Amino acid sequence: MLLNIIQYPSCSSCRKAQKWLESQEIPFTSTHIVEATPTAEEIKTLWKNSGLPLKKFFNTSGKKYRELALKDKLLTMTEDEQLALLASDGMLIKRPIVTDGKKVTVGFKEETFDETWK
């Protein structure tokens, strides 16, 4: 299956991930994370396929995350509440998310991309 990169175009990590995929000649589609924010159900599927803790899907360095004081609030929220919150605003989601429908990576680390997508 074709890779999909869920990203925000001006995000430097997203640009690095896209450049890496292009340099490896790996075909992909791109989804704008704000214009087409994943639904709670889509985020849940991505999360389950990633094997990562749900908190790894939050953009902890983002302005919105700090404004909402989520560092402390997440501890008392249910998984469904966290998924609904992520789906409410693409800027709350850590990016890029890359998936082939089965595997998922969140953020960009070259070593992880080498292991997962080569």
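Q: In which sense do strand β3 (residues 97–99) and β4 pair, and over how many bridges?
A: Strand β3 (residues 97–99) pairs with β4 in the antiparallel sense, over three bridges. V98 faces T105 of β4 there. Two strands pair if DSSP finds at least two bridges between them. Strands are DSSP runs of E with at least two residues; helices are runs of H or I with at least four; both are numbered from the N terminus.

Q: What should I know before reading on?
A: This is a predicted model: local features need pLDDT of at least 70, and side-chain atom pairs count only at pLDDT 80 or more, while totals for chains, interfaces and linings use all residues. Residues are numbered from 1 along each chain as its sequence is written, and side-chain values use heavy atoms, with hydrogens and water left out.

Q: In what order do the four strands form the sheet?
A: Read across the open sheet: β2-β1-β3-β4, with mixed pairing. β2 (28–32) and β4 are the edge strands; each has a single partner, so one side of each has no neighbour in the sheet. From one strand to the next, the twist averages 15°.

Q: How do β1 and β2 pair?
A: β1 and β2 run in the parallel sense, joined over five bridges. Look at N4: its bridge partner in β2 is T29.

Q: How do I read the two faces of β1?
A: Start with the general idea. Side chains in a regular strand alternate between the two faces of the sheet. In β1, L3, I5 and Q7 are on one side, N4 and I6 on the other, and all are buried. That is five of its five residues. Buried means under 20% relative accessible area, exposed over 50%, and partly exposed in between (1.4 Å probe, protein chains only).

Q: Which strands does helix α6 (residues 110–117) lie across?
A: Helix α6 (residues 110–117) lies across β1, β3 and β4, and runs at about 175° to β4. Axes are lines fitted to C-alpha atoms, for helices over the stretch in contact; angles run from 0 to 180 degrees between N-to-C directions.

Q: How do the axes of α1 and α6 cross?
A: The axes of α1 and α6 come within 11 Å and cross at roughly 40°. α1 and α6 are therefore oblique to each other. Under 35 degrees counts as roughly parallel, over 145 as roughly antiparallel, 65 to 115 as roughly perpendicular, and the rest as oblique. A17, W20 and L21 of α1 meet E110, F113, D114 and W117 of α6. Contact means heavy atoms within 4.5 Å.

Q: At what angle do α2 and α5 pack?
A: α2 and α5 pack at about 115°, with axes 8 Å apart. So α2 is roughly perpendicular to α5. A40, I43, K44 and W47 of α2 make the contact with E79, L83, A84, L86 and A87 of α5.

Q: Is L83 buried or exposed?
A: L83 is buried, because its relative accessibility is 3%. L83 is in helix α5. Beyond residues up to four places away in sequence, L83 touches A40, I43, K44, W47 and L54. L83 and P53 are 30 residues apart along the chain, and their C-alpha atoms are separated by 12 Å.

Q: How many residues does the largest nonpolar core have?
A: The largest nonpolar core has 19 residues, and F57, F58, L70, L86 and I97 have the most contacts inside it. The elements giving it two or more residues are α2 (40–50), α5 (79–88) and β4 (104–106). Another core, of ten residues, lies apart from it; L21, I26, F28 and F113 are among them. A nonpolar core is a set of buried Ala, Val, Leu, Ile, Met, Phe, Trp, Tyr and Cys residues joined through side-chain atoms within 4.5 Å.

Q: What is F57 in contact with, leaving aside neighbours within four places in sequence?
A: The partners of F57 include L46, W47, L86, I97, V104 and V106.

Q: Which residues does the cis peptide bond join?
A: The cis bond joins R95 and P96, with omega about -5°. P96 is in the loop between α5 and β3.

Q: What phi does E25 have?
A: E25 has a positive phi of about 55°, although it is not a glycine. E25 is in the loop between α1 and β2. E25 counts as exposed, because its relative accessibility is 71%.

Q: And where does A69 lie?
A: A69 is in the loop between α3 (63–67) and α4 (70–73). A69 is not a glycine either, yet has a positive phi of about 50°. With a relative accessible area of 40%, A69 is partly exposed.
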